Every structure is written in structure tokens, then in C-alpha cells.
Amino acid sequence: MSDFPMRLQAFLAKCGVASRRGSEELIAQGRVMVNNRTVREMGVKVEEDDVVQVDGETVEICDRLYYIALNKPRGYVCTNWDPNETMYARDLIGMRDSNLLFNVGRLDKDSSGLILFSNDGSFANEMMHPRYEVEKEYLVKLDRNVVLDDLSKALNGLYIDMPRPYRIKRYDLVPRTKQYIRVTLTEGRNREIRKIFSFLGYDVKSLTRIRIGCVELGNLEVGEWRNLRKEEIDGLLSGKTRLKADRNVQRGRRNGNSN
């Protein structure tokens, strides 16, 4: 059975343009055309023979799926298009189909370390959705020794610039220093760690992501990339599977099932 007609944002995700959420942003910005007509509405569906263009380039569904880990250098941006930028992290991935890739999650320009790229929109949505709580671990260098009471405040949650608190899930002090700490998040809102420590009176001197779920930065050199192993992809998705199973068990209990 054909997947068509298909929602435009789903089509763009299958083409490797962006995740569904990112594709919706492209549509809203007026950067997407269907059959030479600019589309800004989210409910539009496309047929198999429709011509879809993003920023003037025709896009098509790619049959091969890619899952890439990159050690992003500081100064590079993860977006695939920005009129004010010239150094794109995706350009560091030297493969034939790199133009199909989009970043999974975000890592700001001033930060370095592990960032995932893929052309699998479903995978990206599952990795980025807050309810799946995929852990991201960072090595943070501060301008001065950290006070443990401040870390406790960050664990409990800080109200900074929105009704929902910013909070860290876990921290670990790096031996023999109190300026370096490892911080683990499960949401990863924009510049979250920098906002937390700035609110507490610290200046973040460097920020490097060293782990996403079961995928570790390891000895991947700055600017280098590699394909994710099958067990890593399965491991990233296993948390989603467990959460679904737990939710089904809870639903069964609410319905009075005891099996």
C-alpha cells in the first residue's frame, strides 16, 4: 500500500531535509514549494508525482538511512542554512549523500562535542522528544570552583526565563578539580546548561558533549565523524521501547488487569 498522499512535513522528513518539527519550521518560513507554489500551511498533503522544492532545490525520498556521530568543533553551527553563518557542522561529514543529513537535536555554536546526524525523520523525532528522556552528558569547565549547594539547586530546578524550571538530572565532579564537572540532562533546551550556571553566577569557559544515550564521544577526534553501529542505534531506541512498555503496563493496571 502506498504511503501517498502524505503530509508535507512527513515527506520532507523522509527526504532527509529535517525532522518533522524542523520541516514545519521550514514550511512556516515560506521556504517550501509544491508544484511551483509556496506552501505555508501544515495540513497540505503531497502525491507521489508532486514536485517539492526547499530553497529552490528539488527534494526526493531517499531509500537509504544514515546515522552519523560527529565531534563538532567550537564555532560551527548545526543548522543546515543560516544567511549569517558560513561554517556548518554538516559540511564536515565527507560522504556523498551528506546533503541529505540533518542534525538530531542541537549543540550551540560555542559548544563542541557529540552531535548526531541522520536522514531518518522518525528516528530524529524519537531522539528529541522530551518524554523519551534520552540522556545527554556534558563536560563543563567553569570560571571558578563550583559550590555543591549550587548544584543541588540545579538538581531541584531553577526558574529562569519561563514557567517550566531548568534542571539537571545528575552531576559528577571530575577528580582533583572543582572547575570541571560532568552534567547530565534529559531535555536539552536551548543553551540550558549555560543559562543554569549563568543564573548561579558562573561563567562557562567550555562545554563539550561527551555522550548521547548509549553513544559516547570516546576517542573521536575533533571534526571527525563515524557511522553509528547497529547496537548503538538499537540502544538509543530501546529507551523509547521501554517507556512504551511501561506505559502499557500502567494502562493495564488502570483498566483493572493484573497479568
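**Group meeting: an introduction to the predicted chain**

Good morning. The chain contains six helices and 15 strands; helices (H or I, at least four residues) and strands (E, at least two) are DSSP runs, numbered from the N terminus. What you see is a predicted model, in which local features need pLDDT of at least 70 and side-chain atom pairs count only at pLDDT 80 or more, while totals for chains, interfaces and linings use all residues. Residues are numbered from 1 along each chain as its sequence is written, and side-chain values use heavy atoms, with hydrogens and water left out.

Let me begin with the overall form. For 259 residues, a compact globule would have a radius of gyration near 18 Å, and the 20 Å of this chain agrees with that; the radius is taken over C-alpha atoms, and the globule rule is 2.2 Å times the number of residues to the power 0.38. Of the 259 residues, 46% are buried, where buried means under 20% relative accessible area, exposed over 50%, and partly exposed in between (1.4 Å probe, protein chains only).

I turn now to the interior. A nonpolar core is a set of buried Ala, Val, Leu, Ile, Met, Phe, Trp, Tyr and Cys residues joined through side-chain atoms within 4.5 Å. The largest such core has 31 residues, and among those touching the most other members are Phe117, Leu142 and Phe197. Elements that each supply at least two residues of this core include β9 (112-118), β10 (136-142) and α5 (192-199). A second, separate core has 19 residues, including Cys15 and Val44.

Glutamate 135 lies in the loop between α3 (121-128) and β10. Is glutamate 135 buried or exposed? Glutamate 135 counts as buried, because its relative accessibility is 15%. Its side chain makes a polar contact with the side chain of arginine 170, at 3.1 Å. A polar contact is a pair of N or O atoms within 3.5 Å; within protein, one must be able to donate a hydrogen and the other to accept it, and residues adjacent in sequence count only if both atoms are side-chain atoms.

Finally, the cysteines. How many disulfides does a search of the whole structure find? The search finds zero, a disulfide being a pair of cysteine sulfur atoms within 2.5 Å. For cysteine 78, the nearest cysteine sulfur is that of cysteine 214, 19 Å away. Cysteine 78 is buried, because its relative accessibility is 7%, whereas cysteine 214, at 39%, counts as partly exposed. Thank you.
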